[in-house]
Amino acid sequence: MELLTHKSESGPEIVVLQDPTAFTTSLGWFVDTGARDEQPGVAGVSHFLEHMVFKGTERRTAAEVNRELDHLGAHSNAYTSEDSTVFYASVLPECQAHAVDLLTDIMQPLLREEDFETERQVVLEEIAMYDDQPPYGAFEKASELFFGEHPLATRVLGSSETVADMTVSQMHEYHRGRYTKDNMFLIASGKVDMSQLIEHVSKVSENWPAESQPRVNLPANYHSGSAVIERESRHQHYEVQMWPGLSRNDPRRYALRMLCTILADDTGSRLFWELIDTGRAETAAIWPQFFGDCGCLAGYLCCAPEDATENSKIIQRVLAETLRNGVTEKELGLARNKVSSSLILSDEKPSNRLFAVGQAWLNRRSYEPLDVVLARYAAVTPEDVMQVAAETLGREPVVVQVVGTQD
């Protein structure tokens with residue numbers, strides 16, 4: 001495989017992980033914008049705009065957009081996170097030109113008032129649905145407590161109030177300020193016609209806005225604390241914890257992932273043997289969330305209410321033992337095998353490589369091939385794991401519990 005890049009003054013940067021032997025082509029627009037880029041009054045606009053992108057352009061109606069995606073036989077979707085918005089499709093190589101034209105066209109949606117009002121109801125229903133599903137907003141509440149005034153505390157979906165009050169002109173302004181040539185990257189993997197890609201994207205994006213509004217980068221001041229969410233009907237106990245973590249570019253991120261694998265992977269981890277294998281809990285997991293300038297560790301416990309207190313004590317004991325005694329070479333070896341096999345399996349598909357390249361380019365403007373990444377994990381020592389454990393799990397977390405009402 002070969003990494004190819006193209007950047008000209010007239011268009012967005014194009015990055016391709018070329019594999020001439022592949023049977024598919026995966027393409028995606030990676031936009032460097034998300035919930036953290038929103039003003040408080042328009043919280044949720046990134047996600048709302050993701051919906052509106054599929055509602056039609058100057059060249060296509062909404063029905064034509066959906067019909068063409070179906071006719072391409074494409075596996076396609078989109079998502080919005082705290083710091084990025086991504087639109088992607090995987091197609092047969094002979095469909096590349098059509099898929100690129102379609103994906104690039106929808107990056108400049110019409111954003112019509114009537115579509116905006118219709119889709120607003122869809123987004124409001126989505127917010128209500130998440131509010132009514134376990135763990136009932138516990139992760140969002142934990143993020144708000146943990147990040148405080150930092151933009152990463154912004155809820156990706158926004159709130160029912162901000163979405164209800166949002167205007168289409170505010171969305172137009174956000175789109176003009178963030179969907180710009182310097183803030184968007186066309187990423188591709190698999191069997192790709194690079195020349196065709198450059199010619200098409202350069203032509204279609206010619207009149208796009210050139211420069212984005214700068215992202216507000218504030219230092220993250222991690223907070224601790226606790227909160228309780230009450231629910232009338234509750235048959236299980238939900239508990240979310242959040243500890244300080246590392247950024248996507250921190251070289252110690254490999255050790256942090258190994259720590260989480262040893263402690264709280266969904267199979268064969270310390271918490272698995274203590275809580276899952278014994279039947280005490282349905283879920284007991286800890287995983288890293290990486291952002292460009294900071295990060296956190298998120299923990300999630302789901303169990304019967306009558307087991308909650310004892311299970312929380314078990315988790316605290318396991319974490320304390322890890323901080324006191326560290327991890328063993330055997331555990332590190334098992335975790336390394338688990339992480340490596342997962343990475344290798346994922347790397348076998350162009351559609352998976354698309355996201356590895358895209359996220360790496362958004363965060364570092366570079367890409368580490370699989371053999372380099374595997375070498376990074378192979379170099380992690382028990383001492384490295386101990387160091388990141390002390391810097392993350394050794395600090396006071398935010399804890400949010402979901403409990404039944406007292407009535």
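In this predicted model, the side chains of E119 and K55 meet in a salt bridge, with N and O 3.5 Å apart. E119 sits in helix α4 (residues 113-131), while K55 belongs to the loop between α1 (45-52) and α2 (62-71), so the pair ties together parts that are 64 residues apart in sequence. How exposed or buried are the two partners? E119 counts as buried, at 9% relative accessibility, and K55 is partly exposed, with a relative accessible area of 21%.

The loop between α1 and α2 also holds R59, whose partner D105 lies in helix α3 (residues 96-105); the pair therefore links parts that are 46 residues apart in sequence. For R59 and D105, the closest N and O atoms are 3.8 Å apart. R59 is partly exposed at 47% relative accessibility, whereas D105 is buried, with a relative accessible area of 8%.

A further bridge joins E368 and R253, at 3.9 Å from N to O. Here E368 comes from the loop between α13 (350-364) and α14 (370-378) and R253 from helix α9 (residues 253-264), so this pair ties together parts that are 115 residues apart in sequence. E368 is partly exposed, with a relative accessible area of 21%, and R253 counts as buried at 11%. Salt bridges that share partners also join R59, R60, E68, D101 and D105 into one network.

| Salt bridge | N to O distance |
|---|---|
| E119 and K55 | 3.5 Å |
| R59 and D105 | 3.8 Å |
| E368 and R253 | 3.9 Å |

As background, side chains of opposite charge can pair when their charged atoms come close. How many salt bridges does a search of the whole structure find? The search finds 24. The protein carries 36 positive and 62 negative side chains, and the centres of these two sets lie 4 Å apart.

Now for the overall fold. The secondary structure comes to 15 helices and 11 strands. With a radius of gyration of 22 Å, close to the 22 Å that the globule rule gives for 407 residues, the protein is as compact as a globular protein of that length. Its C-alpha trace spans about 60 × 50 × 40 Å along the principal axes.

Of the 407 residues, 52% count as buried. The accessible surface comes to about 18700 Å², and carbon and sulfur atoms account for 49% of it. Among contacts between residues at least 6 apart in sequence, 83% join residues at least 24 apart.

Key: Residues numbered from 1 in each chain as written. Predicted model: local features only at pLDDT ≥ 70, side-chain atom pairs only at ≥ 80, totals over all residues. Heavy atoms only, no water. Helix = DSSP H or I, 4+ residues; strand = E, 2+ residues; numbered from the N terminus. Rg over C-alpha atoms; globule rule 2.2 N^0.38 Å. Buried < 20%, exposed > 50% of the residue type's maximum accessible area, 1.4 Å probe, protein only. Contact = heavy atoms within 4.5 Å. Areas by Shrake-Rupley, 256 points an atom, 1.4 Å probe, with all protein chains shown as cover. Lys, Arg positive; Asp, Glu negative; His and termini not counted. Charge placed at Lys NZ, Arg CZ, Asp CG, Glu CD. Salt bridge = Lys/Arg side-chain N within 4 Å of Asp/Glu carboxyl O.
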